[in-house]
Amino acid sequence: MKKLFEDFKKDIKFKSAGPGKKLTEDTSAKPEAVQSSSGAKHNRHAASEGAQRAGAAALARIEQHPRPKVHTSQDHIRNQVKRELEAAALAEKDKAATAEGFTVPVRDPTCLSVSGVYFTCPLTGATLTKSEREVHIKEAIFMRFEEDAVEASVMMVHSFNKDKEKVKVAVDIISKYVDNICKCPTEEKYRKIKLSNKVFQEKVRSLEGTREFLEALGFTSVMLPVEGQEEEEEFLVLPEQSPEALELMKERRDRLQRGEPVRAQLDRQPQAFRPSPNAQRFELPPEFYNLSAEELKKEQQQRSDLVEKNAMLRTKAMREREEQRERRKYNYSLLRIRLPDGNLLQGTFYAWDRLSVLFGFVRESLVDGWQPFQLIAPGGVKLQEEDEVALAERNLVPAALLTFSWDAAVQADIAAAGGKNPTLLKPGLLEAIQTLN
């Protein structure tokens, strides 16, 4: 706001100083008001008559045009600052993306092989984008308090706190509270937790969901006198429990110890396509790449140096390190599997998903998925389901076309017994089959 006012003052000075301008005889105090609000040193002497006339004339000309109302409330100032910061951030982003003539390609969404990366909330079943996951899961967990406060608070502890080691420490301390209460149910000191206690403050209370769990166990907030202090302090106090209630506390403690984070699950978006000469063509959305605009620019430069690099004599270790750096560029992988009838099965995977996840996806998509089959990667490499390797480690990122085949020996046995060729994709996939663009 100060900058806007300084610009306004400069504008007045510029316009009032122009040659040939007729000045009015108005001698109002407006110029003095402008001068005093500028933050400059105040002049105790009155402005000269010429300066007053010049300022008044400039203000009169400006006031002939309608101007928007100037708000001076703190909320309006904060909003304006926020808008300016957002605009500056966008400008900086555009500047980085276009540095040295490099631009991030913006693809037509209709040409993409998949519209984006999506996730499924395990609590609600809702389909979410990456940016929606955290907020939606928090809302879903809060809604669980009406049904089961223990379950909801356990979810909070394990899902809202990212530091697993701190979560483990807090769970161990709370478990110790419960153990002491169950061993000595009549001992009042074990049923009182002083909130200002240093250990409780630093290792329990600092984590989201811990207080909610204690309250779900039956602890309530009570202000109690403290020996040697004039003022009372807040405690969490648990009434004396019956034997049945103590057993229930142990069960709830075990639920806390077994708790797992609630994470949105990757929606693999299984899709069938008709036979197509474009099966090996992939156009991926930005979510598949773990690269910033600057990193994309560097990658472009690296590709231009590829011929020179290949001409160099490199050791196996050097090549492996380069391959590892290449694989880290990708978050997800889009895989297509060409079936014996020419149809294609497509799915989205994490770049670090194991081969067993890929085989499981294919098996679940087949009518006769119980029968053994093979998957062949580009270059004729036969993938082994039992290999504990990630898709990225098999260079199946960010996209690849695989070939499916039934186990030849098993099919020969089925044919010899008079059996029919196995059915491929499940009806649900075939009903929604599409044609690749």
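Strand β8 (residues 332–338) and strand β12 (residues 399–406) pair in the parallel sense over 5 bridges. Here two strands count as paired if DSSP finds at least two bridges between them. Helices (H or I, at least four residues) and strands (E, at least two) are DSSP runs, numbered from the N terminus. The model is a predicted one, in which local features need pLDDT of at least 70 and side-chain atom pairs count only at pLDDT 80 or more, while totals for chains, interfaces and linings use all residues. Residues are numbered from 1 along each chain as its sequence is written, and side-chain values use heavy atoms, with hydrogens and water left out.

The peptide bond from Val397 to Pro398 is cis, with omega near -5°. Asn395 is also placed in the loop between β11 and β12, and its phi is near 55°, a positive value in a residue other than glycine. Most residues other than glycine have a negative phi, and most peptide bonds are trans. Another positive phi, near 45°, belongs to Gln269. Gln269 is in the loop between β6 and β7 (271–273).

Strand β6 is also part of a sheet. This open sheet has 3 strands in the order β2-β1-β6, with antiparallel pairing. β2 (127–129) and β6 (265–267) stand at the edges, each with a single partner strand, so one side of each is left without a neighbour in the sheet. On average, neighbouring strands of this sheet are turned by 45° against each other, direction ignored. Strand β1 (residues 118–120) pairs with β2 over 3 bridges in the antiparallel sense, and the partner of Phe119 in β2 is Leu128.

The helices come next. Two packed helices are described by the angle between their axes and the distance between the axes. Axes are lines fitted to C-alpha atoms, for helices over the stretch in contact, and angles run from 0 to 180 degrees between N-to-C directions. Angles under 35 degrees count as roughly parallel, over 145 as roughly antiparallel, 65 to 115 as roughly perpendicular and the rest as oblique.

Helix α7 (residues 164–183) packs with helix α9 (residues 210–217) at an angle of about 20°, and their axes are 11 Å apart. That angle makes α7 roughly parallel to α9. The crossing of α7 past α9 is right-handed; a crossing is left-handed if the near helix is turned anticlockwise from the far one by less than a right angle, and right-handed if clockwise. Ala170, Ile174, Tyr177 and Val178 of α7 make the contact with Thr210, Phe213, Leu214 and Leu217 of α9, where contact means heavy atoms within 4.5 Å. By class, these residues are 7 nonpolar, 1 polar and no charged. Ala, Val, Leu, Ile, Met, Phe, Trp, Tyr, Cys and Pro count as nonpolar, Asp, Glu, Lys and Arg as charged, and the others, Gly among them, as polar.

Helix α7 also packs with helix α8 (residues 198–205), at an angle of about 125° and with axes 8 Å apart. α7 and α8 are therefore oblique to each other. In this contact, Val169, Ala170, Ile173, Ile174 and Tyr177 of α7 meet Val199, Phe200, Lys203 and Val204 of α8. The classes here are 8 nonpolar, no polar and 1 charged.

How are helix α6 (residues 149–160) and helix α10 (residues 243–258) packed? Their angle is about 30° and their axes are 9 Å apart, which makes α6 roughly parallel to α10. α6 passes α10 in a right-handed crossing. Val150, Glu151, Val154, Val157 and His158 of α6 meet Arg252, Arg255 and Leu256 of α10. This contact has 4 nonpolar, 1 polar and 3 charged residues.

Confidence is the last topic. pLDDT is the predictor's confidence in each residue, from 0 to 100. The chain has a mean pLDDT of 79, and 66% of its residues reach 70 or more. Over residues 65–74 pLDDT stays under 50, and the model has 5 contacts beyond four places in sequence for them. Over residues 92–106 pLDDT also stays under 50, with 15 such contacts.
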